[in-house]
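Here is a friendly walk through one model, starting with how its strands pair and ending with its open space. Please keep the viewer at hand while you read.

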Amino acid sequence: MSKFGMYAKFTAKPGERDALAAILLESAAAAEAVAECELYIINHAETEPDVLWVTEVWSSREAHAASLALDTTRAAIGRAIPLIAGVESTKIRPVGGKGLAFSNGI
């Protein structure tokens with residue numbers, strides 16, 4: 001089964017980036033208990049003051065979808081929505097590199 005990943009660009013409403021980052025960091029902390037979540041990193045964009053990038057890698061697309069149905073995830077999304085001006089995402093399929101374990105390579 002292939003790993004599943006995503007790069008998500010969150011544009012916060014003006015002045016709300018840090019509050020949105022705090023919610024995303026809570027989600028990252030909760031993901032520590034989810035073995036299928038292999039990477040969940042929140043990044044500030046250096047050139048865009050209201051933008052956060054989230055980098056995610058999951059053991060599978062299904063594991064990611066299941067995480068979105070969790071009560072804690074749904075609650076975090078509910079708190080985040082009022083802070084968000086826009087979201088763009090790119091789904092990816094990680095194939096290798098430092099930081100992730102791959103049993104079958106590509």
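Strands β2 (residues 37-44) and β3 pair in the antiparallel sense over seven bridges; strands are DSSP runs of E with at least two residues, helices are runs of H or I with at least four, both numbered from the N terminus, and pairing requires at least two DSSP bridges between two strands. This is a predicted model, in which local features need pLDDT of at least 70 and side-chain atom pairs count only at pLDDT 80 or more, while totals for chains, interfaces and linings use all residues. Residues are numbered from 1 along each chain as its sequence is written, and side-chain values use heavy atoms, with hydrogens and water left out.

A hairpin of six residues joins β2 to β3. Strand β3 also pairs with β1 in the antiparallel sense, over eight bridges.

| Residue | Opposite residue in β3 |
|---|---|
| Tyr 7 | Thr 55 |
| Asn 43 | Trp 53 |

How much of β3 is buried? Seven of the eight residues of this strand (residues 51-58) are buried, so β3 is largely enclosed by the rest of the structure. Here buried means under 20% relative accessible area, exposed means over 50%, and partly exposed is in between (1.4 Å probe, protein chains only). Val 51 belongs to β3 and counts as buried, at 4% relative accessibility. From C-alpha to C-alpha, Val 51 lies 9.7 Å from Pro 14, although the two are 37 residues apart in sequence.

Now to the open space. The largest pocket holds about 620 Å³. Of its 29 lining residues, Ser 27, Tyr 40, Leu 68, Thr 73 and Ile 77 are the closest to its centre. A pocket is an open set of points on a 1 Å grid over the protein atoms alone, where a 1.4 Å probe fits, with protein on both sides within 12 Å along at least five of seven lines; lining residues have an atom within 4 Å of a point. Helix α1 gives the largest share of the lining, seven residues.

Together with Ile 77 and Ile 81, Leu 68 makes a nonpolar surface patch of about 260 Å². Such a patch takes nonpolar side chains (Val, Leu, Ile, Met, Phe, Trp, Tyr) joined within 5 Å, from residues with over 30% relative accessible area and no salt bridge, the latter being a side-chain nitrogen of Lys or Arg within 4 Å of a carboxyl oxygen of Asp or Glu.

Note on methods:
Patches are made of residues with over 30% relative accessible area and no salt bridge: like charges are joined within 9 Å, nonpolar side chains (Val, Leu, Ile, Met, Phe, Trp, Tyr) within 5 Å. Accessible areas come from the Shrake-Rupley method with a 1.4 Å probe; for residues, only the protein chains shown count as cover. Grid points are joined across faces, edges and corners, and a volume is the space filled by probe spheres set on the points.
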